[in-house]
Amino acid sequence: NGNYHRFGTILETGLPEFEISLNTSNGSVENLEDLISNDADAVIVQSDVLNAYLRKNPEAKEQLVGLQASLYTEFVQLLVNETSEILKITDLDPQTHVVYLGPRGSGTHGAWEGFVLQDERYSQFETRYASYDEALSQVANNPDAVMLFVGGLNSDLLKKANINYATQINLVAVDEHHFSQAQDQFGNTIYSVATIPHETYANLQDGWIFGYFGDSSLETIKVEAVLILSHRWVDSYGSRPMTLFEDAVWRSIDEIEKVVGED
């Protein structure tokens with residue numbers, strides 16, 4: 001029910017010559033494991049998760065990538081209890097706060113591992129895995145619980161939270177600008193400094209008081225949602241099918257950018 005599935009549906013429509021099966025998963029980490037084990041021919045992953053995976057498994061670099069394309073931007077989003085007095089991620093205290101990371105194997109779980117690679121302080125936090133819905137409920141009822149979520153803007157999850165937890169949860173800044181200096185094994189920048197626009201989620205951004213009377217835009221960092229077509233698939237089917245696939249990817253990017261507000 002997320003943007004990865006939306007993109008897959010758009011891509012499927014644009015490739016009538018191909019037989020495509022859209023498989024569900026917990027997120028980027030599981031997707032990469034499926035690609036390595038030949039249970040998937042193409043996957044969508046976060047750029048930071050890909051970097052962390054290849055750091056642990058450098059031998060997988062040549063095996064993984066036959067085609068790589070950036071699809072759209074994913075924002076690191078931190079949700080906290082409205083009574084917690086947390087205004088930014090660097091306010092978190094490893095001795096106090098518990099961080100919910102979504103399901104084990106999710107892109108958010110992988111993103112946290114990327115944070116640990118950039119700053120060892122993040123390894124000191126207690127982390128827990130739960131569905132995003134359960135994590136939101138925990139944050140709403142516990143000022144010491146926070147939830148990380150990495151995804152494109154206008155996600156169904158946060159649009160629902162903006163309504164269901166309007167007076168209980170705030171979206172706050174992720175002020176780790178020095179992460180933007182990090183590069184992956186391909187020489188690409190892993191993170192970029194970004195802004196979540198004013199009132200993207202009107203009730204969550206700084207609470208209703210600040211959102212109503214001032215600019216509720218939030219500083220954060222962003223990563224790319226990256227599509228990877230496996231080297232094995234390219235070797236098996238050759239250049240002509242790969243060209244058809246690549247052309248359909250670029251056409252589909254225009255459609256998914258409209259969904260995530262990047263048009």
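Reply:

**The aromatic cluster**

Phe 115 is buried, with a relative accessible area of 0%; buried means under 20% relative accessible area, exposed over 50%, and partly exposed in between, with a 1.4 Å probe and protein chains only. The model is predicted, so local features need pLDDT of at least 70 and side-chain atom pairs count only at pLDDT 80 or more, whereas totals for chains, interfaces and linings use all residues. Residues are numbered from 1 along each chain as its sequence is written, and side-chain values use heavy atoms, with hydrogens and water left out.

Phe 115 and Tyr 122 form an edge-to-face aromatic pair, at 5.3 Å centre to centre and with 65° between the planes. Rings of Phe, Tyr and Trp (its six-membered ring) pair if their centres lie within 6.5 Å; planes under 30 degrees apart count as stacked, over 60 as edge-to-face and the rest as tilted. Tyr 122, like Phe 115, is buried.

The structure holds 13 aromatic pairs. One of them joins Trp 112 to Phe 115: this pair is stacked, with 6.0 Å from centre to centre and 20° between the planes. Trp 112 is itself buried, at a relative accessible area of 6%. Why are Trp 112 and Phe 115 separated by about one helical turn? The reason is that they are three residues apart in helix H5 (residues 107-118). Helices (H or I, at least four residues) and strands (E, at least two) are DSSP runs, numbered from the N terminus.

The two pairs belong to a wider arrangement. Ring pairs link Trp 112, Phe 115 and Tyr 122 with Phe 125, Phe 179 and Tyr 191 in a cluster. Tyr 122 also has a charged neighbour: Arg 121 lies over the face of its ring, 5.7 Å from the ring centre. A charge sits over a ring if NZ of Lys or CZ of Arg is within 6 Å of the ring centre and within 35 degrees of the ring normal.

Ser 28, in helix H2 (residues 28-36), is buried with a relative accessible area of 1%. Leaving aside neighbours within four places in sequence, Ser 28 is in contact (heavy atoms within 4.5 Å) with residues including Gly 105, Ser 106 and Gly 107. Its contacts also include Tyr 4, Ile 44, Val 45, Gln 46 and Val 49.
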